[in-house]
Amino acid sequence: MSQKAQAQTVLRLSNITKRFGALTANDDVSFDLKRGEVIALLGENGAGKTTLMNIIFGQYTADTGAVEVFGQELPPGNPHAALDAGVGMVHQHFTLAGNLTVWENIVLGSQRLRSLRLDSKAAKAKIAGLAKRFHLVVDPEAKVGRLTVGERQRVEILKALYREARILILDEPTAVLTPQESDALFATLREAVGQGLSVVFISHKLHEVMAIADRTLVLRHGKLVAERAIGDTSREELAALMVGGKVSPPKIDAMPAGPALMRLTGVSTKGEGRAPGLQTVNLTLHAGQITGLAGVSGNGQKALSDLISGLVQPSAGGFEIAGAEVADWSPRRALSRGIGRIPEDRHHTGTIADFDLTENAVLETYAKDFARHGWMNWADAKARAESLIATYDVRCPGPDTRIRLLSGGNMQKLILGRVLETAPRIILANQPVRGLDIGAVNYVHGRLAEAREKGAAVLLISEDLDEIMTLSDVIHVISEGRLSPGFVRGTMRAEDLGQWMAGAGFAEAAHAS
Amino acid sequence: MDFFDILTSAAFWAAAIRIASPLIFATLGELICERAGVLNLGIEGIMVAGAFAGWIAVYMGLPLWGGVAVAFLTGMGFGLLHGTLSVPFGLSQHVVGIGLTLLATSLTFYTYRVVLPEVSSPPKIEAFQPFEIPLLSDIPLLGPALFSQTPLTYAAFIMAALVAFVLYRTPLGLAVRAAGESPSAVAAQGLSVTAIRMGAVIVGSGFMAVGGAFLTLSAFDSFFFDMVNGRGWICIALVVFGAWKPGKAVLGAILFAAFDALQIRLQQTTIGAVVPYQLFLMMPYLLSILALVLMSRRAEVPAALMVPFNKGER
């Protein structure tokens, strides 16, 4: 790393300040980026990371301060100038046109609009060269809409490289990737950095930062609060710097399992397209226990969570709630039987984006608790929203805000509050902390642990083994719609669970029974 | 004359191509707008205005091609209005479009009365005459059908090829298509979504007006109220039928025109004597709906069609 200290400075930010109304998104931020260096920009949601990057890329104009690229000051608010200067940005939400092919997306904007000919041959040759050099395999003739998320991200990176980017800004690139795809991304980045590219990497996943970055900068409330070489820091220190205090994950104390609240015996469901259904699954959820469901996504998690939410019926097997056989299953019946649901996709299933917080807060209970003779009682509904906002620390301008304007963490807190306020007996938490920052993660986990202590049965579905192993009293692994036996806390190592996740063990288990 | 004779007669296909021409112009115009992400429901009114503007310009003494140019400019003017309201101001494209159709239609009738206060029947002009392309027009069946048309019909087909070329073979066309698919992708490459969409709406509206002018300068030789008669709405359906592709849209226009030409001829056959003529009039529309249902199920709608783009909003 020592020669990097003398390397050329490729990007310099000096005293950047940006305000949105009363909110100061960036407060006097300065840093340098060297050639061939990877900087990780850490911070909680809303710390101002994305705003800062959008200023570099010219999508926002800073109130004060300057951005220099290779010693030249960039004109503010001009993405074109940033691109020409060699800054490429991969946005968190991809900026790709789904109906266009890969090469069309990459070439877009790189040739003068007045020129009479789109030179597709030369373009494709250049793309093929780049793809080979950086191991970014993707079919240039494929329509982007048909690609997987990981492939789309490769297209975004190719797009930046095609425009001769020397500085690559990646805004939470792994938020939507599977672990395997993330590994492939990191391999590509290492390759690119080895060839002289410089990278700014925005993330709040600490293990990734430790794995890929040379140096990390921590933003909190818009201010640069710390700068650490990766060799001189630890995950714990970075986590504390991000939230501005010590981070303590919730404590799960052993407690005896209560009565069985839900019991599936030999339940099967129909698959949906390529997603498998459940195959003779046995699962019991006990009061006062968190049951963790580990597995690679797409192995039947959706089938199980749809079944419990009331969206699908079992096609075979026995399904009991609190000892009573379930018949005529539906989402409304699931609610009335005391099942609280934290859906996997908080943006599409969990909330209605253009409804305000009040409306979203009563989505599940409006007919029962907030209406009389068919008329909505909006005063009560609003009072409920306000109490959720206060109790669950939802940071927002007020109950009249459209929920799409909230950060993921705050949206999730509202959903969590909506579920917990109904004092559910069984809580289905499907990927409850995906994409949330550490503060919000601990908050959600703490609340789930609290519900467990009060005697609820929690089913926690997650792809994150750390999360599963920290919280769960019993762990099941799901693979191709089959469920492993339950493993009690402390009896399983991560490697063993990984074996089950890969599908090993099921055959012997079937044989033994 | 029976069914088979109709389908093999050059006169029938010549009529189909003639009827298709104005539809081709206007469909291309609508297609350009929609490819950039703007639904232009002003089409019906813009066609009326174009029909009148081209005709009155020629009546006032301009040459025929001058009339076409005046129609094109008139269309571009209405396009500028539509674009300004729907693109930078981001107003509802439905409301802007329908409002523009009403405005353009009424403004046309008003202007007609102001310019020609005393006439009872509209004056005639010297319209485009068929021009037989040497050699090609001698080919049996195809020659009289395709190559003995008026110059404006040839222009329609040339324009279709040109629009296809620009959309698929130039950087500008790529930018237009991307603006209708993902404006944020366009903005992220440092291009102006507003400029691209405005340009597309203005040029597209010009095409629609030329489609209208075809009626007064080539198909007929005068201007009547109700002469556009819903052709604009047909073109909106043709864009869907053509799956937003110029080539397929032209085929759709010819297909619709062929049904139209067929129903006129069927009315004169022996079946026409027993079946009420309204059923024949209905035929092209009915068959268009059927074709639309069958053809457009798998069409890929521009993803950002009717979605206004505001820089910086999440």
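A polar contact here is a pair of N or O atoms within 3.5 Å; within protein, one of the two must be able to donate a hydrogen and the other to accept it, and residues adjacent in sequence count only if both atoms are side-chain atoms. The model is predicted.

## Surroundings of A:Gln301

By that definition, the side chain of A:Gln301 has a contact with the backbone nitrogen of A:Asn299, at 3.0 Å. A polar atom of the A:Gln301 side chain also lies 3.2 Å from the backbone oxygen of A:Gly295.

A:Gln301 belongs to helix H10 of chain A, which covers residues 301-309. Its relative accessible area is 7%, so A:Gln301 counts as buried, the limit being under 20%. When neighbours within four places in sequence are left aside, A:Gln301 is in contact with A:Leu293, A:Gly295, A:Val296, A:Ile461 and A:Ile478.

## Annotated domains in chain A

The unreviewed UniProt entry lists "domain: ABC transporter" for two spans of chain A, residues 11-246 and 262-505. In the model, residues 11-246 are 34% helix and 27% strand, and the C-alpha atoms at the two ends of this span are 32 Å apart. For residues 262-505 the content is 36% helix and 23% strand, with 25 Å between the end C-alpha atoms.

## Salt bridges

Over all chains, the whole structure holds 28 salt bridges. One of them joins the side chains of A:Glu141 and A:Lys124, with an N to O distance of 2.7 Å. A:Lys124 is in helix H5 (120-133) of chain A and A:Glu141 is in the loop between helix H5 and helix H6 (149-162), so the pair ties together parts that are 17 residues apart in sequence. A:Glu141 is partly exposed, at 44% relative accessible area, and A:Lys124 is partly exposed at 26%.

A salt bridge at 4.0 Å, N to O, is formed by the side chains of A:Arg263 and A:Glu320. This pair links distant parts of the chain: A:Arg263 is in strand E11 (residues 260-268) and A:Glu320 in strand E14 (residues 316-321), 57 residues apart. With relative accessibility of 36%, A:Arg263 is partly exposed, and A:Glu320 is also partly exposed, at 25%. The side chains of A:Arg482 and A:Glu480 form a salt bridge too, at 3.9 Å from N to O. A:Arg482 is partly exposed at 26% relative accessibility, as is A:Glu480 at 47%.

## Chain B: elements and dimensions

Chain B has 14 helices and 0 strands. Its C-alpha atoms fill a box of roughly 65 × 50 × 40 Å along the principal axes. How does the radius of gyration of chain B compare with that of a compact globule? A compact globule of 314 residues would have a radius of gyration near 20 Å, and the 20 Å of chain B agrees with this.

## Chain B: burial, contacts and surface

Of the 314 residues in chain B, 54% are buried. Among contacts in chain B with a separation of 6 or more, 76% are between residues 24 or more positions apart. Chain B has an accessible surface of about 13800 Å², and carbon and sulfur atoms account for 70% of that area.

Key. Residues are numbered from 1 along each chain as its sequence is written. Chains are lettered from A and ligands numbered from 1 in the order in which they are written. This is a predicted model: local features need pLDDT of at least 70, side-chain atom pairs count only at pLDDT 80 or more; totals for chains, interfaces and linings use all residues. Side-chain values use heavy atoms; hydrogens and water are left out. UniProt positions are given in the numbering used here, feature names are shortened, and annotations may be inferred rather than shown by experiment. Helices (H or I, at least four residues) and strands (E, at least two) are DSSP runs, numbered from the N terminus. Buried means under 20% relative accessible area, exposed over 50%, partly exposed in between (1.4 Å probe, protein chains only). The radius of gyration is taken over C-alpha atoms; the globule rule is 2.2 Å times the number of residues to the power 0.38. Contact means heavy atoms within 4.5 Å. Accessible areas come from the Shrake-Rupley method with a 1.4 Å probe; for residues, only the protein chains shown count as cover.
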